[in-house]
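Reader: I would like to learn how to read a structure like this one. Could you walk me through it, one feature at a time?

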Amino acid sequence: MITSTSNPQVKNLQQLAKKAKARNSQDVFLAEGLKMFEEAPRERIQKVYLSQSLYEQRGAGFLKGLEMEVLSDHVFAAASDTKTPQGILCILRQEHYELSHMLSSVHPHLLLLEDLQDPGNLGTIMRTAEGAGVDGVILSRNSVDLYNPKTIRSTMGSIYRVPFLYVDSLMEILPVLKKRGVCTYAAHLQGKKDYDQEDYCSGCAFFIGNEGNGLSDELSSHADIRIRIPMKGKLESLNAAVAASILTYEVSRQRRGTAGR
């Protein structure tokens, strides 16, 4: 059992929680809590850390042969990124997806995120993407790190199942989408139609902009179609995750209707 916060493994856990550079150099990330452990693909788990309390309560049988280490409770608290640790923390191998994988379905359904900054928003978008049947989430390089522990927790497990890809420029992939027959949409105040007046049963991709500045003029001007999300009051925009939810679930609604005909 590790009983010192100066232990190299504990120091490494702290670095992996705080720094994207450390995560990327080791090609791993951290997932904390029982739900995140239970849903994690076993082949991607490198090591599991248990608090002394959880180990004494449950033993190690539920780990099914995975490499593990026990940390005293105060050491586990020091390694944890949460205020109320559940007593289990995993190091997992990062997954790397290709754009071709996201475009492999008959009618791809994608989200393109431009410079998104809030970990909670990104995590919620990943959850929504799974629920709405999105084939992939593509992020500009300046977006928040998806492997940020706060983002990981917000995905509630969807991080394991929704393909994603960081690109240097969203503009660079637009010709690839067009060639594949994917129509791009930007929610914009100058949109001519409301979002639910378009047909999304063919390939579609939605642009979602930065929380503070929205979509850049350059990216929105290159969308095939601008659409409106109607709003009452004095609102000009919605939270990025809310906008993504509205748009992706409209696609899901339309495609369910088509499948039932």
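**Reading the chain step by step**

Author: Happy to! Lys 21 lies in helix α2, which covers residues 20-26. Helices (H or I, at least four residues) and strands (E, at least two) are DSSP runs, numbered from the N terminus. The model is predicted, so local features need pLDDT of at least 70 and side-chain atom pairs pLDDT 80 or more, while totals for chains, interfaces and linings use all residues. Residues are numbered from 1 along each chain as its sequence is written, and side-chain values use heavy atoms, with hydrogens and water left out.

Reader: Is Lys 21 buried or exposed?

Author: The general idea is a set of cut-offs: buried means under 20% relative accessible area, exposed over 50%, and partly exposed in between (1.4 Å probe, protein chains only). Lys 21 counts as exposed because its relative accessibility is 72%.

Reader: Which residues form the positive surface patch?

Author: Patches take residues with over 30% relative accessible area and no salt bridge, joining like charges within 9 Å and nonpolar side chains (Val, Leu, Ile, Met, Phe, Trp, Tyr) within 5 Å. A salt bridge is a side-chain nitrogen of Lys or Arg within 4 Å of a carboxyl oxygen of Asp or Glu. Here Lys 11, Lys 18, Lys 19 and Lys 21 form the positive patch.

Reader: Where does Glu 69 sit, and what does Glu 69 touch?

Author: Glu 69 belongs to strand β3, residues 68-71. Contact means heavy atoms within 4.5 Å. Leaving out residues up to four places away in sequence, Glu 69 touches Ile 2, Gln 9, Lys 47, Val 48, Tyr 49 and Leu 50. Glu 69 and Lys 21 are 48 residues apart along the chain, and their C-alpha atoms are separated by 24 Å.

Conventions. Areas by Shrake-Rupley, 256 points an atom, 1.4 Å probe, with all protein chains shown as cover. Lys, Arg positive; Asp, Glu negative; His and termini not counted. Charge placed at Lys NZ, Arg CZ, Asp CG, Glu CD.
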